[in-house]
Amino acid sequence: MAKTKSSNKKPQYIQRFSLKQRIEHWLFFSLFVTLLLTGLPQKFFETGWAADAVRLLGGLDFMRWLHRMAGWGFSIFVVYFLGYSIIGMLLGRVAPTMIPFPADLREVCKSLLWNAGLANRPLSPRFNYQQKFEFWGLLFGGLLMMVTGLMLYFPIQTARWLPGQFIPAAKTAHSYEAMLALLVIAFWHLYNAIFRPSVFPLDRTMIHGKISLDHLKEEYPLEYRRLFPDEEDGCAETPADPSSSR
Ligand code: HEM
């Protein structure tokens, strides 16, 4: 933890994400972008831009090979991540900060009222309900891509166990889930990481892993209170204010 310049009592920044978590984030991101870049030209094969993309990516055979290799990497990563998280939580070594609780539902309702200017801003814990929603969406979406991708990879083996119609169904699911994931990342995630007024021009937390105490207090007041229980003003509710960052 870095020490504050103005006070000796508490640091100005605290570590929010460890190096391991940041490596996981960027690894997942790189695999996801590789899969999109090598998958979308296959989906839109009849368009001019797809033909250019295939040429740029070294031809169709290489692009398909790259997609399958990145697919293996992605699948191994998802299985590792799930195994590590579940075992870690059972052993009490991984905090269940992404598990949804009834309090998240209350945060959703209060947030809607806050956005309409009818309530104070809800107090978020370490991860707010939007981050949890996105996390679970990506996890389930990732599992779906993994299962359907493997069915397309091994169609003959799949047809030995399941009716043949499952292969085109897997292709449709794989294809549309790719579009859904692209939209979620391009609009929701990038808005939150880049264009949200409180972080613009870039939220660097996933780069250096640190968050300023002011930002922590504003965005995740319950986490601030958990880390600094002695602070009296740490968790005051922000009044409904249309100019505050949403
Ligand atoms: C988020 C991750 C992924 C994205 C965004 C993605 C995207 C795509 C897209 C858009 C297509 C073309 C579908 C169409 O023709 O309509 C495709 C095809 C395919 N994907 Fe994925 N995919 C992902 C993960 C995976 C994984 C994990 C695997 C396997 C382990 C995989 C294996 C395949 C295979 C085998 C095909 C058929 C094309 C071929 O034969 O090379 N994909 N993917």
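Okay, housekeeping before the tour. Residues are numbered from 1 along each chain as its sequence is written. The model is predicted, so to speak of local features we need pLDDT of at least 70, side-chain atom pairs count only at pLDDT 80 or more, and totals for chains, interfaces and linings use all residues.

Let's start at the ligand. There are 25 residues around it, and Leu35, Gly39, Gly71, Gly149 and Ser175 come nearest; "around" here has a residue's C-beta atom, placed from the backbone, within 6 Å of the molecule. Which helices supply the shell? Helices are DSSP runs of H or I, at least four residues, numbered from the N terminus. Domain 2 (17-96) and domain 3 (102-198) each give at least three shell residues, with bounds from an automatic or database domain assignment.

By class, the shell has 13 nonpolar, 8 polar and 4 charged residues. Nonpolar is Ala, Val, Leu, Ile, Met, Phe, Trp, Tyr, Cys and Pro; charged is Asp, Glu, Lys and Arg; the others, Gly among them, are polar.

Now the packing. Two packed helices are described by the angle between their axes and the distance between the axes. Axes are lines fitted to C-alpha atoms over the stretch in contact, and angles run from 0 to 180 degrees between N-to-C directions.

Take H3 and H5: about 135 degrees, axes 10 Å apart. That makes the pair oblique, on a scale where under 35 degrees is roughly parallel, over 145 roughly antiparallel, 65 to 115 roughly perpendicular and the rest oblique. The crossing of H3 and H5 is left-handed, that is, the near helix is turned anticlockwise from the far one by less than a right angle. On the H3 side we have Arg68, Gly71, Phe74, Ser75 and Val78, and H5 brings Gly142, Leu143, Met146, Gly149 and Tyr153. Contact requires C-beta atoms, placed from the backbone, within 7 Å. That contact splits into 5 nonpolar, 4 polar and 1 charged.

H1 and H7 next: about 130 degrees, with axes 11 Å apart, so this pair is oblique. H1 passes H7 in a left-handed crossing. Leu36, Gly39 and Lys43 of H1 touch Ser175, Ala178 and Leu182 of H7.

And how do H5 and H7 lie? Their axes come within 9 Å and cross at roughly 150 degrees, and they are therefore roughly antiparallel. This crossing of H5 and H7 is left-handed. Among the residues that meet are Gly149 and Leu152 in H5, and His174 and Trp188 in H7. The contact of H5 with H7 has 12 nonpolar, 6 polar and 3 charged residues.

One last stop. Most peptide bonds are trans. From Phe200 to Pro201, though, the bond is cis, with omega near 10 degrees. Pro201 sits in the loop between H7 and H8 (205-208).

Key
Helices (H or I, at least four residues) and strands (E, at least two) are DSSP runs, numbered from the N terminus. Two residues are in contact if their C-beta atoms, placed from the backbone, lie within 7 Å.
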